[in-house]
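Hi,

Here is the structure I promised to pass on.

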Amino acid sequence: MSLSFSGPFAEADAALQRFLDKGAASYEARRNFDYGPAERSNVSELSKFISHRVLFEYDVARRALAQHRPETVDKFIQEVFWRIYWKGWLEHRPAVWNDYVVFDHHTIPERQFQQAVTGKTGIDCFDYWSAELQNTNYLHNHARMWFASIWIFTLGLPWQAGARFFMQHLFDGDAASNTLGWRWVAGIQTSGKHYVARASNIEQFTNGRFSPHHLNETPLPVASSKTYDIMPLDNHTQYQKKYNKLIILENDLYMKSEHEYDAYDAVFVLRPDAVVRSADLARPVIDFKMGLVSAFCEIHANAQDIDAAGLRAMAASQPGFDVVYPAIGDHLDGLYQLRDESGVALHFLKRPEDLFCWQYATKGFFNFKKHIPDMMSFAQ
Ligand SMILES: Cc1cc2nc3c(=O)[nH]c(=O)nc-3n(C[C@H](O)[C@H](O)[C@H](O)COP(=O)(O)OP(=O)(O)OC[C@H]3O[C@@H](n4cnc5c(N)ncnc54)[C@H](O)[C@@H]3O)c2cc1C
């Protein structure tokens, strides 16, 4: 669905169209190259919008298919579905998120950590990406993989600290994609299979920009014997209004139209700086999120941003709120805390498209992707 709004919603729409016109046709062949911040036409750079659902994954896939033959955009659509897959995988295993959140950051070797986050390790590509992340709030997918691998296996730092560093600085920081992306590199997501950054691969896919020395290219995967039970999803949730007031979090701002939430007396969008998070967000990330929230509130006549104290005060006088389900992560943790402290009822609106897709996310992505045609039909 393409909406004719101004501000970031229009910007997102234009960015998608630009990618579909110019980058999509060669995406599969060129997507793994990281040519640097000045040349990103080989990837979409849409993640900052998709992760807040300013662009809805299913709409992105539909628009790609409307403009290109399926085989041309197959890889791109698969990548978009990776995001849905990771979310579903984590929904089935909430304890993975809980374990990540309680990691004790005091155990991190301080000197190596400071060198990594200030870009002073002496590994030129790594130091460059550390600065790029903090200056642009984006890293190419391949750079994220190399960076995480060097962080864990060459610098010997805990993956949880790297995941938190990413969450602080990425515009697209996402509980599922980030936590599970780091676990995957470490070798605990797919047991025993870790991602090893190799100098030759970095040289090839940075187009010769970097040729690092002294990487640990023969590490063992991070050891973990912990297994997680697969929890059933609450598939019976109805996407139906129950209360008169609605809460929205900044990571799901999707709307079919500006009238989508007209039936509510009031729509409260929690201010990004009011969310208690497992990582303190960098100022540009807060500002970016606040820009999206403000744009959303301008579009919806009955919407307003609200801080945590305002929401707590409101909760004291309400029987309950409907809430657009934000999926596992900091937002959901904060909502549970609000519910426990105030006694207010929360009625989660889980999007039917997500619930349909998440049922296939119990195993690996290979199995999940076989269902993409069904998922796309369901999301019509
Ligand atoms: C260690 C690590 C941490 C990551 N952390 C995040 C994160 O916090 N948030 C996030 O959105 N992505 C994360 N990713 C996935 C991926 O790197 C980014 O989604 C991608 O680089 C965004 O750039 P793009 O929009 O140009 O991607 P494109 O290549 O143009 O892909 C199109 C869209 O598909 C989705 N996508 C692509 N690759 C992946 C993937 N591997 N996993 C999930 N979704 C994907 C994104 O929504 C992206 O916008 C992480 C990957 C790794 C290895």
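To start with the ligand: how do the residues of the shell around the ligand divide by class? The shell has twelve nonpolar, nine polar and seven charged residues. Here Ala, Val, Leu, Ile, Met, Phe, Trp, Tyr, Cys and Pro count as nonpolar, Asp, Glu, Lys and Arg as charged, and the others, Gly among them, as polar.

Before the rest, two housekeeping points. Numbering runs from 1 along each chain as its sequence is written. This is a predicted model, with local features needing pLDDT of at least 70 and side-chain atom pairs counted only at pLDDT 80 or more, while totals for chains, interfaces and linings use all residues.

Back to the ligand. There are 28 residues around the ligand, and S44, S47, N141, N178 and G181 come nearest (a residue is near a molecule if its C-beta atom, placed from the backbone, lies within 6 Å of it). The elements giving two or more residues to this shell are α3 (47-50), α5 (70-92), α9 (141-154) and α11 (175-186). Helices are DSSP runs of H or I with at least four residues, strands are runs of E with at least two, and both are numbered from the N terminus. Domain 1 (7-93 + 358-378) and domain 2 (107-205) each put at least three residues into the shell, with domain bounds taken from an automatic or database assignment.

The chain also has a domain 3 (245-349). Between the C-alpha centres of domain 2 and domain 3 the distance is 30 Å. Nine residues from domain 2 and twelve residues from domain 3 make the contact (C-beta atoms, placed from the backbone, within 7 Å). On the domain 2 side, α10 and α11 each supply at least two residues, and α10 gives the most, with four. That side divides into four nonpolar, four polar and one charged residue.

Those two helices also pack on one another. α10 (residues 159-169) and α11 have axes 9 Å apart, at an angle of about 145°; axes are lines fitted to C-alpha atoms over the stretch in contact, and angles run from 0 to 180 degrees between N-to-C directions. From α10, W159, G162, A163, F166 and M167 meet N178, T179, W182, R183 and A186 of α11. By class, that contact holds six nonpolar, three polar and one charged residue.

As for the whole chain, the secondary structure comes to 18 helices and five strands. The C-alpha trace spans about 60 × 50 × 35 Å along its principal axes.

Cheers

Terms used:
Contact = placed C-beta atoms within 7 Å.
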